[in-house]
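Could you walk me through this protein, with its sheets, its aromatic rings and its pocket? I would like to follow along with the model open on my screen.

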Amino acid sequence: MSEQQKPKKRFSLRKLIYNDKNLIIISLLAAVCIWIATSMNLSPETTKNISVPLKIDFSDTVTEELGFKCYGESSMTVNVTVRAKKYLAKDISADDLDVKLQTSSVTTTGIHEVPISVSAGDSGDFTVESYYPTVYTGYFDVPEEQEMEIKLNYNTKDYVADGFVAGESLLNEPNVVVSGPKTYVARVSKVVADVNLNDKLSETATINIEPKAVDVYGNKVDYISLNYGAEKLTLTIPVLKVKQLSTHVTLTDAPESVDLSKIKIYYSKDSIRAGVLAGTDIKAAELGEVHFTDLRVGENTFTFNATQLEGITVLDDTEKVTVRVVVPSDYTSKDIDVSAAGVKLNNVPAGYTAKVTALNSDSVTIIGPKSAIRGLKAKNVMLSCDLTAKKGESIKTGTRQLPVTVSIAKADGTWAYGTYQATVELRKK
(Lines give C-alpha, C1' and ligand atoms only; values in the text may rest on other atoms or scores of the structure.)
Protein backbone atom coordinates (compact mmCIF):
# COMPACT_ATOMS: atom_id res chain seq x y z
CA MET A 1 0.00 0.00 0.00
CA SER A 2 1.40 3.36 -0.99
CA GLU A 3 1.94 6.12 1.54
CA GLN A 4 -0.86 8.15 -0.03
CA GLN A 5 -3.21 5.25 0.65
CA LYS A 6 -2.28 4.94 4.43
CA PRO A 7 -5.07 6.16 6.77
CA LYS A 8 -4.37 9.37 8.82
CA LYS A 9 -3.92 9.07 12.65
CA ARG A 10 -6.53 10.83 14.78
CA PHE A 11 -5.80 12.81 17.96
CA SER A 12 -7.06 10.90 20.97
CA LEU A 13 -7.50 12.72 24.32
CA ARG A 14 -8.17 9.41 25.99
CA LYS A 15 -4.85 7.98 24.84
CA LEU A 16 -3.08 11.22 25.91
CA ILE A 17 -4.56 11.10 29.41
CA TYR A 18 -4.20 7.42 30.03
CA ASN A 19 -0.59 7.43 28.88
CA ASP A 20 1.42 7.29 32.11
CA LYS A 21 4.22 9.49 30.84
CA ASN A 22 1.90 12.17 29.53
CA LEU A 23 -0.21 12.04 32.66
CA ILE A 24 2.81 12.73 34.88
CA ILE A 25 3.85 15.78 32.80
CA ILE A 26 0.31 17.20 32.77
CA SER A 27 -0.01 16.72 36.52
CA LEU A 28 3.25 18.52 37.19
CA LEU A 29 2.28 21.50 35.00
CA ALA A 30 -1.10 21.77 36.68
CA ALA A 31 0.49 21.65 40.12
CA VAL A 32 2.94 24.44 39.26
CA CYS A 33 0.17 26.69 37.90
CA ILE A 34 -1.98 26.10 40.97
CA TRP A 35 1.02 26.85 43.25
CA ILE A 36 1.81 30.10 41.44
CA ALA A 37 -1.79 31.26 41.51
CA THR A 38 -2.16 30.39 45.17
CA SER A 39 1.14 32.11 46.08
CA MET A 40 0.16 35.31 44.33
CA ASN A 41 -3.21 35.48 45.99
CA LEU A 42 -2.24 34.23 49.41
CA SER A 43 1.38 35.62 49.62
CA PRO A 44 2.06 37.43 52.91
CA GLU A 45 2.45 41.25 52.82
CA THR A 46 5.48 43.13 54.06
CA THR A 47 6.65 46.74 54.57
CA LYS A 48 9.61 48.49 53.07
CA ASN A 49 11.32 51.78 53.95
CA ILE A 50 12.36 53.99 51.04
CA SER A 51 14.28 57.29 51.19
CA VAL A 52 13.06 59.78 48.58
CA PRO A 53 15.02 63.01 47.85
CA LEU A 54 12.79 66.09 47.52
CA LYS A 55 13.96 69.31 45.86
CA ILE A 56 12.46 72.46 47.37
CA ASP A 57 11.20 74.50 44.44
CA PHE A 58 8.59 77.25 44.54
CA SER A 59 9.17 78.56 41.02
CA ASP A 60 6.11 78.95 38.81
CA THR A 61 3.84 78.89 41.86
CA VAL A 62 1.54 81.34 43.62
CA THR A 63 4.38 81.96 46.09
CA GLU A 64 6.67 83.25 43.36
CA GLU A 65 3.89 85.29 41.75
CA LEU A 66 3.41 87.08 45.09
CA GLY A 67 7.11 88.06 45.04
CA PHE A 68 8.04 85.75 47.93
CA LYS A 69 11.18 83.69 48.16
CA CYS A 70 11.67 80.59 50.29
CA TYR A 71 14.50 80.79 52.84
CA GLY A 72 15.40 77.38 54.22
CA GLU A 73 16.84 74.07 53.10
CA SER A 74 17.01 73.70 49.33
CA SER A 75 16.42 69.94 49.52
CA MET A 76 15.38 67.28 51.99
CA THR A 77 14.83 63.54 52.28
CA VAL A 78 11.41 62.01 52.93
CA ASN A 79 11.41 58.55 54.52
CA VAL A 80 8.44 56.58 53.17
CA THR A 81 7.08 53.22 54.42
CA VAL A 82 5.14 51.21 51.81
CA ARG A 83 3.16 47.99 52.15
CA ALA A 84 3.13 45.40 49.36
CA LYS A 85 3.15 41.69 48.61
CA LYS A 86 6.42 40.23 49.71
CA TYR A 87 7.41 39.12 46.25
CA LEU A 88 6.78 42.64 44.90
CA ALA A 89 8.40 44.68 47.67
CA LYS A 90 11.99 44.16 46.53
CA ASP A 91 11.32 45.92 43.21
CA ILE A 92 9.72 49.05 44.65
CA SER A 93 12.05 52.11 44.55
CA ALA A 94 11.92 55.88 45.00
CA ASP A 95 11.04 56.22 41.31
CA ASP A 96 7.69 54.52 42.02
CA LEU A 97 6.67 57.22 44.52
CA ASP A 98 5.22 60.65 43.81
CA VAL A 99 6.52 63.03 46.52
CA LYS A 100 5.75 66.76 46.26
CA LEU A 101 5.05 69.95 48.18
CA GLN A 102 1.60 71.48 48.36
CA THR A 103 2.96 74.88 47.36
CA SER A 104 -0.43 76.57 47.07
CA SER A 105 -0.61 76.79 50.88
CA VAL A 106 1.86 79.75 51.03
CA THR A 107 0.12 83.08 50.42
CA THR A 108 1.63 85.30 53.15
CA THR A 109 5.06 86.12 54.55
CA GLY A 110 6.44 84.40 57.64
CA ILE A 111 7.28 80.86 58.75
CA HIS A 112 5.08 78.26 57.06
CA GLU A 113 4.76 74.49 57.35
CA VAL A 114 4.18 73.36 53.79
CA PRO A 115 2.42 69.94 53.64
CA ILE A 116 4.21 67.12 51.86
CA SER A 117 2.10 64.63 49.90
CA VAL A 118 3.25 61.11 49.05
CA SER A 119 1.38 58.72 46.79
CA ALA A 120 2.03 55.55 44.85
CA GLY A 121 2.94 55.90 41.24
CA ASP A 122 1.06 54.44 38.31
CA SER A 123 1.64 50.79 39.28
CA GLY A 124 -0.78 50.64 42.22
CA ASP A 125 0.78 47.37 43.40
CA PHE A 126 1.52 48.82 46.85
CA THR A 127 0.17 51.33 49.34
CA VAL A 128 1.85 54.15 51.24
CA GLU A 129 1.56 53.31 54.91
CA SER A 130 3.40 56.33 56.42
CA TYR A 131 6.09 58.92 55.76
CA TYR A 132 8.22 61.45 57.62
CA PRO A 133 8.55 64.38 57.70
CA THR A 134 5.03 65.32 56.71
CA VAL A 135 5.76 69.06 56.31
CA TYR A 136 8.56 71.31 55.08
CA THR A 137 9.25 74.32 57.32
CA GLY A 138 10.64 77.48 55.75
CA TYR A 139 10.57 81.24 56.02
CA PHE A 140 8.89 83.14 53.19
CA ASP A 141 9.42 86.83 52.54
CA VAL A 142 10.24 89.47 49.93
CA PRO A 143 13.99 89.33 49.10
CA GLU A 144 16.15 92.29 50.13
CA GLU A 145 19.80 93.32 49.59
CA GLN A 146 22.04 95.81 51.37
CA GLU A 147 25.77 96.56 51.01
CA MET A 148 27.67 96.75 54.30
CA GLU A 149 31.26 97.22 55.43
CA ILE A 150 33.06 94.36 57.19
CA LYS A 151 34.09 95.15 60.76
CA LEU A 152 37.11 93.28 62.12
CA ASN A 153 37.12 91.78 65.60
CA TYR A 154 40.65 90.91 66.79
CA ASN A 155 40.97 88.34 69.57
CA THR A 156 43.98 90.25 70.94
CA LYS A 157 45.48 93.72 70.59
CA ASP A 158 49.04 92.53 71.19
CA TYR A 159 49.75 90.39 68.14
CA VAL A 160 53.11 91.75 66.86
CA ALA A 161 56.62 90.97 68.09
CA ASP A 162 58.79 93.49 69.94
CA GLY A 163 60.40 96.07 67.66
CA PHE A 164 57.58 95.75 65.13
CA VAL A 165 54.22 97.43 64.65
CA ALA A 166 51.14 96.53 62.61
CA GLY A 167 50.21 98.71 59.66
CA GLU A 168 46.68 99.26 58.43
CA SER A 169 45.07 95.89 57.70
CA LEU A 170 43.65 95.42 54.20
CA LEU A 171 40.67 93.28 53.15
CA ASN A 172 40.58 92.04 49.57
CA GLU A 173 36.83 92.84 49.67
CA PRO A 174 36.02 95.54 52.25
CA ASN A 175 32.26 95.38 51.60
CA VAL A 176 29.75 92.55 51.25
CA VAL A 177 26.18 92.38 49.99
CA VAL A 178 23.81 91.22 52.71
CA SER A 179 20.86 89.38 51.15
CA GLY A 180 17.90 87.52 52.53
CA PRO A 181 14.29 88.05 53.62
CA LYS A 182 13.43 91.71 54.08
CA THR A 183 12.44 91.29 57.72
CA TYR A 184 15.74 89.63 58.64
CA VAL A 185 17.95 91.96 56.59
CA ALA A 186 16.44 94.82 58.62
CA ARG A 187 17.71 93.10 61.79
CA VAL A 188 21.35 93.10 60.64
CA SER A 189 23.26 95.71 62.63
CA LYS A 190 26.69 95.00 61.14
CA VAL A 191 28.86 92.39 59.42
CA VAL A 192 31.80 91.22 61.54
CA ALA A 193 34.74 88.87 61.02
CA ASP A 194 36.78 87.39 63.86
CA VAL A 195 40.56 87.65 63.48
CA ASN A 196 42.24 85.03 65.65
CA LEU A 197 45.97 85.62 66.03
CA ASN A 198 47.70 83.35 68.52
CA ASP A 199 51.36 83.86 67.49
CA LYS A 200 53.08 87.24 67.51
CA LEU A 201 53.86 88.45 64.00
CA SER A 202 57.23 89.67 62.80
CA GLU A 203 56.35 89.74 59.11
CA THR A 204 53.35 90.57 56.98
CA ALA A 205 50.63 87.91 57.18
CA THR A 206 47.57 87.05 55.05
CA ILE A 207 44.76 85.03 56.62
CA ASN A 208 41.31 83.82 55.54
CA ILE A 209 38.31 85.25 57.36
CA GLU A 210 34.66 84.24 57.67
CA PRO A 211 32.27 87.19 58.04
CA LYS A 212 28.85 86.90 59.66
CA ALA A 213 25.83 89.17 59.93
CA VAL A 214 24.82 90.00 63.51
CA ASP A 215 22.10 92.03 65.23
CA VAL A 216 22.58 94.82 67.79
CA TYR A 217 23.20 92.18 70.49
CA GLY A 218 25.91 90.40 68.52
CA ASN A 219 23.73 87.38 67.69
CA LYS A 220 23.96 85.85 64.22
CA VAL A 221 20.94 86.66 62.06
CA ASP A 222 19.20 83.67 60.42
CA TYR A 223 18.38 83.26 56.71
CA ILE A 224 21.12 85.73 55.70
CA SER A 225 23.69 85.14 52.97
CA LEU A 226 26.78 87.27 52.36
CA ASN A 227 27.92 87.81 48.81
CA TYR A 228 31.25 89.23 47.64
CA GLY A 229 33.21 89.32 44.41
CA ALA A 230 36.26 87.30 45.48
CA GLU A 231 36.29 83.52 45.78
CA LYS A 232 37.28 83.91 49.43
CA LEU A 233 37.85 86.77 51.83
CA THR A 234 41.41 87.43 52.96
CA LEU A 235 42.90 89.91 55.40
CA THR A 236 46.46 91.17 54.90
CA ILE A 237 48.15 92.52 58.04
CA PRO A 238 51.30 94.53 57.18
CA VAL A 239 53.95 94.16 59.86
CA LEU A 240 56.37 97.10 60.00
CA LYS A 241 59.80 97.42 61.59
CA VAL A 242 60.14 100.42 63.88
CA LYS A 243 62.83 102.94 62.80
CA GLN A 244 63.85 106.54 63.55
CA LEU A 245 63.95 108.20 60.10
CA SER A 246 65.47 111.56 59.27
CA THR A 247 63.24 113.98 57.37
CA HIS A 248 64.26 115.05 53.88
CA VAL A 249 63.07 117.11 50.89
CA THR A 250 64.48 117.11 47.37
CA LEU A 251 65.35 120.32 45.51
CA THR A 252 64.31 119.94 41.86
CA ASP A 253 64.87 121.89 38.64
CA ALA A 254 68.09 123.33 40.04
CA PRO A 255 70.23 125.23 37.50
CA GLU A 256 73.32 123.26 36.55
CA SER A 257 75.71 125.89 37.85
CA VAL A 258 73.94 126.71 41.12
CA ASP A 259 75.94 126.14 44.31
CA LEU A 260 73.51 123.98 46.31
CA SER A 261 75.73 124.22 49.39
CA LYS A 262 74.61 127.82 49.77
CA ILE A 263 70.92 126.85 49.87
CA LYS A 264 70.16 125.97 53.51
CA ILE A 265 67.28 123.67 54.52
CA TYR A 266 65.80 123.52 58.03
CA TYR A 267 63.12 121.10 59.32
CA SER A 268 60.60 121.60 62.14
CA LYS A 269 61.32 117.93 62.95
CA ASP A 270 64.68 116.47 62.04
CA SER A 271 63.41 112.90 62.40
CA ILE A 272 60.23 110.94 62.99
CA ARG A 273 59.53 107.56 64.55
CA ALA A 274 58.03 105.38 61.86
CA GLY A 275 57.28 101.85 60.77
CA VAL A 276 58.58 100.50 57.46
CA LEU A 277 58.08 97.15 55.78
CA ALA A 278 60.75 94.68 56.79
CA GLY A 279 63.33 94.19 54.07
CA THR A 280 62.89 97.63 52.49
CA ASP A 281 65.86 99.99 52.31
CA ILE A 282 64.11 103.11 53.59
CA LYS A 283 66.54 105.33 55.48
CA ALA A 284 64.75 108.69 55.41
CA ALA A 285 61.24 110.07 55.46
CA GLU A 286 60.99 111.64 51.99
CA LEU A 287 58.54 114.50 52.51
CA GLY A 288 58.40 115.66 48.89
CA GLU A 289 59.96 118.11 46.45
CA VAL A 290 60.77 121.81 46.50
CA HIS A 291 61.01 123.38 43.04
CA PHE A 292 63.50 126.16 42.40
CA THR A 293 60.71 128.07 40.66
CA ASP A 294 59.18 128.45 44.16
CA LEU A 295 62.36 129.89 45.72
CA ARG A 296 62.97 133.60 46.16
CA VAL A 297 65.72 135.38 48.06
CA GLY A 298 65.46 134.88 51.81
CA GLU A 299 63.37 132.38 53.72
CA ASN A 300 60.84 130.17 51.87
CA THR A 301 58.46 128.07 53.98
CA PHE A 302 56.75 124.87 52.87
CA THR A 303 54.51 122.50 54.83
CA PHE A 304 54.35 118.76 54.06
CA ASN A 305 51.79 116.18 55.14
CA ALA A 306 53.61 113.42 57.01
CA THR A 307 50.61 111.08 57.36
CA GLN A 308 50.65 109.83 53.76
CA LEU A 309 54.30 109.12 53.06
CA GLU A 310 54.90 106.23 50.68
CA GLY A 311 56.02 103.05 52.44
CA ILE A 312 56.04 104.73 55.86
CA THR A 313 53.62 104.73 58.79
CA VAL A 314 54.29 107.55 61.23
CA LEU A 315 54.20 106.35 64.85
CA ASP A 316 54.90 109.49 66.88
CA ASP A 317 51.76 111.49 66.00
CA THR A 318 53.62 113.76 63.58
CA GLU A 319 51.07 115.05 61.08
CA LYS A 320 52.95 117.91 59.40
CA VAL A 321 56.57 118.92 58.92
CA THR A 322 57.47 122.53 58.12
CA VAL A 323 60.50 123.03 55.89
CA ARG A 324 62.38 126.34 55.59
CA VAL A 325 64.56 126.78 52.50
CA VAL A 326 66.83 129.81 52.79
CA VAL A 327 68.36 131.50 49.76
CA PRO A 328 71.35 133.58 51.06
CA SER A 329 71.48 137.35 51.07
CA ASP A 330 74.29 137.47 48.47
CA TYR A 331 71.58 136.45 45.97
CA THR A 332 69.22 139.02 44.46
CA SER A 333 66.31 139.24 42.03
CA LYS A 334 65.63 141.18 38.84
CA ASP A 335 62.48 141.63 36.76
CA ILE A 336 62.92 141.31 33.01
CA ASP A 337 60.21 142.64 30.69
CA VAL A 338 58.81 140.07 28.23
CA SER A 339 56.13 139.98 25.54
CA ALA A 340 54.03 137.39 23.77
CA ALA A 341 55.95 138.00 20.57
CA GLY A 342 59.12 136.73 22.22
CA VAL A 343 57.75 133.25 22.98
CA LYS A 344 59.12 130.49 20.79
CA LEU A 345 56.70 127.68 19.86
CA ASN A 346 58.25 124.23 19.51
CA ASN A 347 56.82 121.10 17.85
CA VAL A 348 53.92 122.75 16.02
CA PRO A 349 51.92 119.91 14.36
CA ALA A 350 52.38 119.54 10.60
CA GLY A 351 49.62 121.28 8.66
CA TYR A 352 48.87 123.76 11.47
CA THR A 353 49.89 127.29 12.39
CA ALA A 354 50.27 128.58 15.95
CA LYS A 355 50.80 131.92 17.62
CA VAL A 356 50.96 133.31 21.16
CA THR A 357 48.20 135.80 21.80
CA ALA A 358 48.92 136.61 25.46
CA LEU A 359 51.15 135.99 28.49
CA ASN A 360 49.99 135.86 32.10
CA SER A 361 52.76 138.32 33.05
CA ASP A 362 54.55 141.24 31.44
CA SER A 363 57.80 140.31 33.14
CA VAL A 364 59.68 137.36 34.62
CA THR A 365 61.58 137.43 37.90
CA ILE A 366 65.10 136.05 37.79
CA ILE A 367 66.89 134.95 41.00
CA GLY A 368 70.64 134.46 41.24
CA PRO A 369 73.99 135.63 42.58
CA LYS A 370 74.38 139.39 42.47
CA SER A 371 77.35 139.08 40.13
CA ALA A 372 75.25 137.14 37.59
CA ILE A 373 72.15 139.32 37.90
CA ARG A 374 74.08 142.59 37.50
CA GLY A 375 74.87 141.95 33.84
CA LEU A 376 71.58 140.21 32.96
CA LYS A 377 69.83 141.59 29.86
CA ALA A 378 66.47 140.85 28.24
CA LYS A 379 68.27 139.08 25.41
CA ASN A 380 69.56 136.49 27.89
CA VAL A 381 66.02 135.43 28.83
CA MET A 382 64.29 133.07 26.39
CA LEU A 383 60.69 131.85 26.60
CA SER A 384 59.30 128.76 24.88
CA CYS A 385 56.19 126.55 24.72
CA ASP A 386 56.04 122.92 23.62
CA LEU A 387 53.03 121.93 21.46
CA THR A 388 53.80 118.22 21.39
CA ALA A 389 50.48 116.36 21.77
CA LYS A 390 50.24 113.85 24.58
CA LYS A 391 50.16 110.19 23.62
CA GLY A 392 46.69 109.25 22.39
CA GLU A 393 45.52 112.89 22.41
CA SER A 394 44.05 114.25 19.20
CA ILE A 395 45.03 117.68 17.87
CA LYS A 396 42.49 120.34 18.77
CA THR A 397 42.31 123.72 17.13
CA GLY A 398 41.46 126.92 19.02
CA THR A 399 43.07 128.59 22.02
CA ARG A 400 44.50 126.98 25.15
CA GLN A 401 46.83 127.72 28.06
CA LEU A 402 50.33 126.21 27.92
CA PRO A 403 53.19 126.42 30.45
CA VAL A 404 56.12 128.62 29.50
CA THR A 405 59.69 127.41 29.97
CA VAL A 406 62.16 130.14 30.95
CA SER A 407 65.78 129.63 29.86
CA ILE A 408 68.59 131.97 30.98
CA ALA A 409 71.80 132.24 28.98
CA LYS A 410 75.18 133.47 30.22
CA ALA A 411 74.01 133.92 33.81
CA ASP A 412 75.41 131.11 35.93
CA GLY A 413 73.43 129.97 38.97
CA THR A 414 70.23 131.83 38.08
CA TRP A 415 66.63 130.62 37.84
CA ALA A 416 63.18 132.00 37.10
CA TYR A 417 60.92 132.49 40.12
CA GLY A 418 57.22 131.72 39.63
CA THR A 419 55.27 129.99 36.88
CA TYR A 420 54.25 131.49 33.57
CA GLN A 421 51.60 130.63 31.03
CA ALA A 422 50.92 131.60 27.45
CA THR A 423 47.65 131.68 25.54
CA VAL A 424 48.33 129.83 22.29
CA GLU A 425 46.05 129.82 19.26
CA LEU A 426 46.26 126.77 16.94
CA ARG A 427 44.71 126.78 13.49
CA LYS A 428 44.76 124.57 10.41
CA LYS A 429 46.65 125.97 7.44
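A residue is called buried when its relative accessible area is under 20%, exposed when it is over 50%, and partly exposed in between, using a 1.4 Å probe and protein chains only. Please keep in mind that this is a predicted model: local features need pLDDT of at least 70, side-chain atom pairs count only at pLDDT 80 or more, and totals for chains, interfaces and linings use all residues. Residues are numbered from 1 along each chain as its sequence is written, and side-chain values use heavy atoms, with hydrogens and water left out.

Let us begin with the sheets. Helices (H or I, at least four residues) and strands (E, at least two) are DSSP runs numbered from the N terminus, and two strands pair if DSSP finds at least two bridges between them. Eleven bridges hold strand 1 and strand 3 (residues 75-85) in their antiparallel pairing, and here Val52 has Val78 in strand 3 as its bridge partner.

Elsewhere, strand 12 (residues 190-195) pairs with two strands. Strand 8 (residues 143-154) runs parallel to strand 12, with five bridges between them, and Tyr154 stands opposite Val195. Strand 14 (residues 211-214) runs antiparallel to strand 12, joined by four bridges, and Ala193 faces Pro211 across that pairing.

Now for the rings. Rings of Phe, Tyr and Trp (its six-membered ring) pair if their centres lie within 6.5 Å; planes under 30 degrees apart count as stacked, over 60 as edge-to-face and the rest as tilted. The whole structure holds seven aromatic pairs. One of them, Phe58 with Phe140, is edge-to-face, at 5.0 Å centre to centre and 80° between the planes. Phe58 lies in the loop between strand 1 (45-55) and helix 3 (62-65), and Phe140 in strand 7 (residues 135-141), so this pair ties together parts 82 residues apart in sequence. Phe58 is buried, at 8% relative accessibility, and Phe140 is buried at 0%.

Tyr139 and Tyr223 make a stacked pair, because their ring centres are 5.4 Å apart and their planes are at 25°. Tyr139 lies in strand 7 and Tyr223 in the loop between strand 14 and strand 15 (225-227), so the pair ties together parts 84 residues apart in sequence. Tyr139 is buried at 7%, while Tyr223 is partly exposed at 31%. Together with Tyr184, these two tyrosines form one aromatic cluster.

Finally, have a look at the largest pocket, which holds about 380 Å³ of space. Its lining has 23 residues, and Thr293, Val406, Ser407, Trp415 and Ala416 lie nearest its centre. A pocket is an open set of points on a 1 Å grid over the protein atoms alone, where a 1.4 Å probe fits, with protein on both sides within 12 Å along at least five of seven lines; lining residues have an atom within 4 Å of a point. Grid points are joined across faces, edges and corners, and the volume is the space filled by probe spheres set on the points. Strand 30 (405-408) gives the most to this lining, with three residues.
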